Amino acid sequence: MPDTIRKILHIDMDAFYASVEQRDNPELIGKPIAVGGSKERGVVAAASYEARKYGVRSAMPSITAYKKCPHIIFVKPRFDAYKEASRQIHEVFAEYTDLIEPLSLDEAYLDVTENKMNLEFAMDVAQEIKDKIKAKTGLTASAGISYNKFLAKIASDFNKPDGFYVITPKMATTFVEELKIEKFFGVGKVTAQKMHKHGIFKGADLKNKSLYDLERWFGKSGKYYYNVSRGIDNRLVNPNRIRKSIAAERTYSRDISTTPLLIERVNEVADILIKRLSKSETNGKSLTLKVKYADFKQITRSKTLPEPISHQEIKKMSAELIDLIPETEKGIRLLGLQISNFEQENNDQFLGQLEFDFKP
């Protein structure tokens, strides 16, 4: 741990997209809503807490959400409204510190070790930020407070919604050892299953494994798991966080099963991607095509060039990647394109994320 104990906040808005919709349309307050998709098609971009009680989650197929909650209300996403709310939230952050690392529209790390208000305790900073966000936007946020990013991130999810949780250095060892491995940031379902096979179910199990074994089993991530199981995370809050990719995708109301129509649709997605690249004033060397079939099976195909891919090349490369897609005749419900492997760092503050494009 560094000599100076840092004061790190992780601020996470509560059911952000859905909360904005309920704020702007009082008829939706208290009702289960899903932003994005429709009863028959698409995926859920966000779910209100009322919908979550029925097991509805983000990235869930809309048809599954409907089966879990037949009275769910599907709302078309309004990204301009979400971005405006995010801008207001970041204005509040900036009143307290310049060390802000945005992760998405609705969450960020803040280093308030030294803050503009000269508040001694990080929990007071967190409470003031929460109160000002509520007053300014009408939305609630949850805050995690600790001495590093890993623990702050976990803490923010510990007392949702509209709460905050503090993990002090004295608490950290016991807290991490008792934490289920699925709660570790950076451990998804596949990794958790792999860990279970090695007898790792809680933080204490992870801590008992050697660095050699963790790197052998999990590659470069092994060292990260080794450190965080001991409460160690020396990553700085980076206000110039680099955006690693720019993407666009569309879910279709009718499955695509012919190559000519597939080419036409992927060109439409390419146009959206090119527009976003132009706005960001950047480009990358890798293009990835994502395809989701009617049965929800998903595959990707990628191609990398030695030089950044020009806007003119994107459609040509997209068509080449389409040629690598098998079984198009069984129907495709979603197409996505992503540019990554940027040549130059883009240091603009992150005010956007992968936007779900829903075609009626």
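Predicted model: local features only at pLDDT ≥ 70, side-chain atom pairs only at ≥ 80, totals over all residues.
Rings of Phe, Tyr and Trp (for Trp, its six-membered ring) are taken as a pair if their centres lie within 6.5 Å, and the pair is stacked with planes under 30 degrees apart, edge-to-face with planes over 60 degrees apart, and tilted for the rest. With that in mind, select Phe150, Phe184, Trp217, Phe218, Tyr224 and Tyr225, which form one aromatic cluster.

Residues are numbered from 1 along each chain as its sequence is written, and side-chain values use heavy atoms, with hydrogens and water left out.

**Aromatic pairs**

Across the whole structure, a search finds 13 aromatic pairs. Begin with Phe150 and Tyr224, an edge-to-face pair at 6.4 Å centre to centre with 85 degrees between the planes. This pair links distant parts of the chain, since Phe150 lies in helix H6 (residues 149-156) and Tyr224 in helix H11 (residues 221-228), 74 residues apart; helices here are DSSP runs (H or I) of at least four residues and strands are runs (E) of at least two, numbered from the N terminus. In the terms used here, buried means under 20% relative accessible area, exposed means over 50%, and partly exposed is in between, with a 1.4 Å probe and protein chains only. Phe150 is buried at a relative accessible area of 0%, whereas Tyr224 is partly exposed at 23%. Select next Trp217 and Phe218, which also form an edge-to-face pair, with 6.4 Å between centres and 85 degrees between planes. Trp217 is buried at 16%, and Phe218 is buried at 12%.

**Charges over rings**

Now select Tyr49 and Arg52: the charged end of Arg52 sits over the ring of Tyr49, 4.5 Å from its centre. The criterion is that NZ of Lys or CZ of Arg is within 6 Å of the ring centre and within 35 degrees of the ring normal. The charged end of Arg230 likewise sits over the ring of Tyr226, 3.7 Å from the ring centre.

**Helix H1**

Move to helix H1 (residues 16-24), where Asp24 is found. H1 is mostly covered, with 7 of its 9 residues buried, namely Phe16, Tyr17, Ala18, Ser19, Val20, Glu21 and Gln22. Among the elements that cover these buried residues are strand E1 (8-13), helix H2 (49-52) and H4, where contact means heavy atoms within 4.5 Å.

**Helix H4 against helix H5**

Select residues 79-94 and 122-137 to bring up H4 and H5, which pack at an angle of about 145 degrees with their axes 10 Å apart; axes are lines fitted to C-alpha atoms, for helices over the stretch in contact, and angles run from 0 to 180 degrees between N-to-C directions. The contact is made by residues including Ala85, Ile89 and Phe93 of H4 and Ile129, Ile133 and Lys136 of H5.

**Helix H12 against helix H13**

Finally, select H12 (residues 259-280) and H13 (residues 311-322), which pack at an angle of about 145 degrees with their axes 9 Å apart. Among the residues that meet are Leu262, Val266 and Leu273 in H12 and His311, Ile314 and Ile322 in H13.
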